[in-house]
Amino acid sequence: MEIGICSYSFHRLLAAGKQDIFRFIVDCKELGCSQLDPWNAHLALIKQGDAAVKLGAKQHLSRAEEDYLTKVKDAADAVELPFGLIAVDGAHVYEAEAQKLAENRARAYRWIEVARRLGARQVRIDSGGPEEMTGEIFKVIEEGYQDLIERATSFNIEVVVENHWGPTVLPENVLTLVESIDGLGLLLDTQNWKEGKKAEGLRDCAKYATAVHIKTLKWDEQGNETMTQVPSAIRQLQDAGYSGCWGIESCPEDADEYGAARRSVALLRKLVH
């Protein structure tokens, strides 16, 4: 059984200066993970460099960024954990304005290069766009993903879309994307659907999942997650044939991020057979 924890699960600790990418790597080893799934804000130096794209800087990584990634990769190698899925914010495919679209594409290229250097297997890049995905908007998204997939595939990296925000909170839009765009994978989050669409989303999209985020929010004293119906979500994914890494995205209401991560790992080990 493969387990990864998306580092967004520790975003409060990151913001408080109590965790960085190097501590995250060690934490994942201690928590029993089999791969590393960083949210791109944890790769702080690279994320900071994304801002320069707005100023017309080239999409390539600087020497300082390359050296930083070497240190990150060395830290991962030291604990014998490979990189799995990098979740990228701020490089979504659709933008209505040409300049913003070009900036986002440059950032996406940077993160594909980051994934290549770290040896990651997948990179999540959001579709972007409004909830209503018109034919014109879909065409821009389709062309953008085709460009990114072609680039990433040459490095054996899978580009995945997540049901996250914008059009992807609706199952029908997710289905349109994964059924129409060759090579596009799906990071299925068990919770991130529009109100009233969760059951439909899991039912219709589980068979397309190439990665998952099992969302956990609130716990009882017996170690059961009480808000997101984790057992049912896992059953549906397994019934649909999912056999990939079981990714965790814990967002505990009580802000105990380490405690929630430990409980989430234990719950998955109990439920996934």
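**Close-up views of a predicted model**

**View 1. Pro 82 sits in a loop between helix 4 and strand 2.** Pro 82 counts as partly exposed because its relative accessibility is 46%. (Buried means under 20% relative accessible area, exposed over 50%, partly exposed in between; 1.4 Å probe, protein chains only.) The loop joins helix 4 (63–78) to strand 2 (85–88). (Helices are DSSP runs of H or I with at least four residues, strands are E runs with at least two, and both are numbered from the N terminus.) Leaving out residues up to four places away in sequence, Pro 82 touches Ser 34, Gln 35 and Leu 36; contact means heavy atoms within 4.5 Å. Its C-alpha atom is separated by 15 Å from that of Leu 43, 39 residues apart along the chain.

This is a predicted model, in which local features need pLDDT of at least 70 and side-chain atom pairs count only at pLDDT 80 or more, while totals for chains, interfaces and linings use all residues. Residues are numbered from 1 along each chain as its sequence is written, and side-chain values use heavy atoms, with hydrogens and water left out.

**View 2. Strand 6 runs parallel to strand 5 and to strand 7.** Strand 5 (185–189) is joined to strand 6 by 4 bridges. (Two strands pair if DSSP finds at least two bridges between them.) Leu 187 has Ala 211 of strand 6 as its bridge partner. From strand 5 the chain passes through helix 8 (198–205) to strand 6, a right-handed β-α-β crossover. (Right-handed: with the strands pointing away from the viewer, the path from the first strand over the helix to the second runs clockwise.) On to strand 7 (246–250), there are 5 bridges. Here His 213 stands opposite Gly 247. The crossover from strand 6 to strand 7 goes through helix 9 (230–239) and is also right-handed.

**View 3. Helix 9 has one buried face.** Val 230, Ala 233, Ile 234 and Leu 237 are its buried residues. Just after the helix, Gly 241 takes a positive phi of about 100°.

**View 4. The disulfide count is 0.** A disulfide is a pair of cysteine sulfur atoms within 2.5 Å. Cys 28 is buried, at 0% relative accessibility. Its sulfur is 4.2 Å from the closest cysteine sulfur, in Cys 33, too far for a bond. Cys 245 is in no disulfide either; the nearest cysteine sulfur, in Cys 33, is 8.0 Å away.

Technical notes: Arc of directions from axis to C-beta.
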